[in-house]
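Dear colleague,

Please find below the structure that I am handing over to you. My notes on it follow.

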Amino acid sequence: MSSTILLQGFGLGLSMIIPIGAQNAFVLNQGIRRHHHVATATICFFCDVALILLGVFGGGAMLASNKTLLSVVTLGGVAFLLTFAFQSIRRVFKRENEEFDVEKALAQKGLLAVVLGALAVTVLNPHVYLDTVVVLGSIGGQFQSAERIAFAIGTVLASFVWFYGIALGAAKMSPILSRRRVRQVIDVLVAGMMIYVAFLLMQKWTMFI
């Protein structure tokens with residue numbers, strides 16, 4: 001197994017997973033609240049593993065060859081990202097007592113609600129399919145046998161490191177990150193990242209069509 005290909009998969013995996021704004025924002029917020037954050041990271045990780053393997057071992061090329069489906073996935077991803085960006089901006093301007101009520105309601109939600117939320121920002125997010133299945137799948141599909149397996153392992157490791165890293169890191173830094181002003185800054189940065197990624201998706205779409 002080639003360590004060079006594995007590292008290439010790891011690097012490309014991070015570059016594709018990090019910009020998936022809605023998914024990362026959900027994991028980060030669960031980590032800050034210390035509310036089933038490990039379960040959230042686990043759901044996102046295993047969903048990513050399934051999509052990465054689907055893409056690398058054939059699904060990516062099939063989706064990329066269907067221009068209509070690719071356009072639907074891309075434009076859906078743009079709409080999804082802009083919706084979450086709008087929600088992040090709304091949270092910035094919420095009154096402190098209103099924000100507290102929302103946080104209290106979220107804290108009362110059980111594991112099932114958190115799992116469903118993690119599945120929603122992953123499975124219902126078209127951007128996830130575009131980056132993990134199409135882009136990583138198209139690159140991984142160029143390798144043969146053992147090299148393709150090494151590439152897949154690298155991308156899976158990237159997903160593992162990223163999701164558990166932000167979940168556990170946010171939980172450890174929760175006393176700082178949960179401060180109102182810090183949360184507002186995070187929401188602004190998340191909104192900006194999502195808008196930027198939506199713009200990149202539109203550029204990518206023009207290249208595909």
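In these notes, contact means heavy atoms within 4.5 Å. Helices are DSSP runs (H or I, at least four residues), numbered from the N terminus. The model is a predicted one, in which local features need pLDDT of at least 70 and side-chain atom pairs count only at pLDDT 80 or more, while totals for chains, interfaces and linings use all residues. Residues are numbered from 1 along each chain as its sequence is written, and side-chain values use heavy atoms, with hydrogens and water left out.

I begin with the packing around helix 8. In helix 7, Leu136, Ile139 and Gly140 meet Arg148, Phe151 and Thr155 of helix 8. By class, that contact comprises three nonpolar residues, two polar and one charged (nonpolar: Ala, Val, Leu, Ile, Met, Phe, Trp, Tyr, Cys and Pro; charged: Asp, Glu, Lys and Arg; polar: the others, Gly among them). The two axes, which are lines fitted to C-alpha atoms over the stretch in contact, with angles from 0 to 180 degrees between N-to-C directions, come within 10 Å and cross at roughly 145°.

Helix 1 (residues 3-17) also packs on helix 8 (residues 145-172): their axes come within 7 Å and cross at roughly 45°. The pair is therefore oblique, a term for angles that are not under 35 degrees (roughly parallel), over 145 (roughly antiparallel) or 65 to 115 (roughly perpendicular). Among the residues making this contact are Ile5, Gly9 and Leu12 of helix 1 and Phe151, Ala158 and Trp162 of helix 8. Its residues divide into 14 nonpolar, six polar and one charged.

The largest nonpolar core has 24 residues, of which Val27, Phe45, Phe151 and Phe163 touch the most other members. Such a core is a set of buried Ala, Val, Leu, Ile, Met, Phe, Trp, Tyr and Cys residues joined through side-chain atoms within 4.5 Å; buried means under 20% relative accessible area, exposed over 50% and partly exposed in between (1.4 Å probe, protein chains only). Helix 8 gives the most to this core, with eight residues. Beyond its neighbours within four places in sequence, Phe151 is in contact with residues including Gln8, Val56 and Phe143.

Finally, which residues in the loop between helix 2 and helix 3 deserve a look at their phi? Arg34 has a positive phi of about 55° although it is not a glycine, and His36 has a positive phi near 50°. Arg34 is partly exposed at 47% relative accessibility, as is His36 at 32%.

With kind regards

Terms used:
Helices (H or I, at least four residues) and strands (E, at least two) are DSSP runs, numbered from the N terminus.
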